[in-house]
Amino acid sequence: MVVYSVYVVNKAGGLIYQYDNYSPRNDVEKTFSYPLDLVLKVYDERVVVSFGQRDGIKVGYAVLSINGFDVNGRYTADNRDVLEYLNTSYNYPLAIRFGRPRLTSNEKLMLASMFHSLFAIGSQLSPEPGSSGIEVLETDTFKLHCFQTLTGIKFIVLADPRQAGIDSLLRKIYEIYSDFALKNPFYSLEMPIRCDLFEQNLKVALEIAEKAGTFGAGS
Amino acid sequence: MSRQANRGTESKKMNSELFTLTYGALVTQLCKDYENDEDVNKQLDKMGYNIGVRLIEDFLARSNVGRCHDFRETADVIAKVAFKMYLGITPSVTNWSAAGDEFSLILENNPLVDFVELPDNHSGLIYSNLLCGVLRGALEMVQMAIDVKFVQDTLKGDNVTEIRLKFIKRIEENLPAGEE
């Protein structure tokens, strides 16, 4: 059972804190010979697989490194175009590592404010009057739990669907936020949280939540 | 580990004297720094406001109160839960206006003024004005604009200390999604 990550969104929809607790690594490294039997394309400044799923390399995976050298977007470490490099037969055999591209902090920011809007839309679309907005979003592989405080701050936890006790974890994170962010006089409201104590205590809370699955009284 | 790792939902008890003496030092310093009492009052209110906007999150995280649906409920929570939690006193709620948008908190023993005698040259000073700012700041964060002021003060020879709260409006633009 794991908690994947934690997001804190302020009332304007800005991401003020993000923490990746655990991200499953599903990188695949394989040695290829010419010609490459995967179809690659450039998408969003990355070289990704568009066709030819095989050996755990899935469509959407990006080229992360070639022969152990990390690629830099669509360029190799020594500044050559990746696609061109891979189409040149005398470079082979090549060890290429593929994996799901990580979210950049910019993308996380965008997604957080997008969720903020979806939350607002959700509460307006609801046929039930007085609906609270999105509290849980469940998928095959993870569950997103959102807790909005009366003041409008959202605490979002992504966790394994089987993980129990997320509600009390969210309350606990609210407490930690009120203790270690708000009581720090040098933290300005609505701004990104860069407080070590906050992070330390958050980590402890996540550990306890993962181990117990739930918070007992007085934990 | 953290110094508050074992802190539960019940708050830590501490001697209120350090608090009242610190507050006294703050007020006397402000009286030295500003020429007139009006400015001191304003400054205390401003500080209180800044405390209030942070304190509300602590309050909501620790007490399990939900959203108040009318001003009477708000009055009850302020008097019975919030004042109890942070100052250890329970003021009484009285003098409701006919419209139900105004009430008074009567403080029997204001802990801030435990050892205070107001000198004659500070007749305009509202010694505990910080509390007004705290109430205003905290309620603003839960989308209530209110007006708070002291109308009676034992320091000024009144029988009781009375804080008057007047509801102005709901701050709709700050209302979080999903709250009607």
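**Interface and local geometry**

Reply: Between chain A and chain B about 2200 Å² is buried, and carbon and sulfur atoms give 51% of this area. Buried area is the accessible area (1.4 Å probe) that two parts lose on being put together, summed over both. This is a predicted model, where local features need pLDDT of at least 70, side-chain atom pairs count only at pLDDT 80 or more, and totals for chains, interfaces and linings use all residues. Residues are numbered from 1 along each chain as its sequence is written, chains are lettered from A and ligands numbered from 1 in the order in which they are written, and side-chain values use heavy atoms, with hydrogens and water left out.

Me: How many residues of chain B are in contact with chain A?

Reply: Contact means heavy atoms within 4.5 Å. Chain A brings 31 residues to the interface, and their partners in chain B number 27.

Me: Which residue of chain A forms a salt bridge with Asp58(B)?

Reply: A salt bridge is a side-chain nitrogen of Lys or Arg within 4 Å of a carboxyl oxygen of Asp or Glu. The rule finds three across the interface of chain A and chain B. For Asp58(B), the closest N and O atoms are 2.9 Å apart, and the partner is Lys183(A).

Me: Which element gives the largest share of the side of chain A that touches chain B?

Reply: Helices (H or I, at least four residues) and strands (E, at least two) are DSSP runs, numbered from the N terminus. Elements giving two or more residues to this side are α2 (105–125), α3 (166–181) and α4 (196–212) of chain A. The largest share is eight residues, and it comes from α3(A).

Me: How many residues on the side of chain A that touches chain B are charged?

Reply: Ala, Val, Leu, Ile, Met, Phe, Trp, Tyr, Cys and Pro count as nonpolar, Asp, Glu, Lys and Arg as charged, and the others, Gly among them, as polar. This side has 14 nonpolar and 12 polar residues, and the charged ones number five.

Me: Are α2(B) and α3(B) roughly parallel or roughly perpendicular to each other?

Reply: The axes of α2 (residues 37–62) and α3 (residues 71–87) of chain B come within 12 Å and cross at roughly 100°. Axes are lines fitted to C-alpha atoms, for helices over the stretch in contact, and angles run from 0 to 180 degrees between N-to-C directions. Angles under 35 degrees count as roughly parallel, over 145 as roughly antiparallel, 65 to 115 as roughly perpendicular and the rest as oblique. Therefore α2(B) and α3(B) are roughly perpendicular.

Me: How many residues apart in sequence are the parts that Lys30(A) and Asp55(A) tie together?

Reply: Lys30(A) and Asp55(A) form a salt bridge, with the closest N and O atoms 3.4 Å apart. Lys30(A) lies in β3 (residues 28–32) and Asp55(A) in the loop between β5 (46–51) and β6 (62–66) of chain A, so the separation is 25 residues.

Me: In which loop is Glu190(A) found?

Reply: Glu190(A) is not a glycine, yet its phi is positive, about 70°. Its place is the loop between α3 and α4 of chain A.
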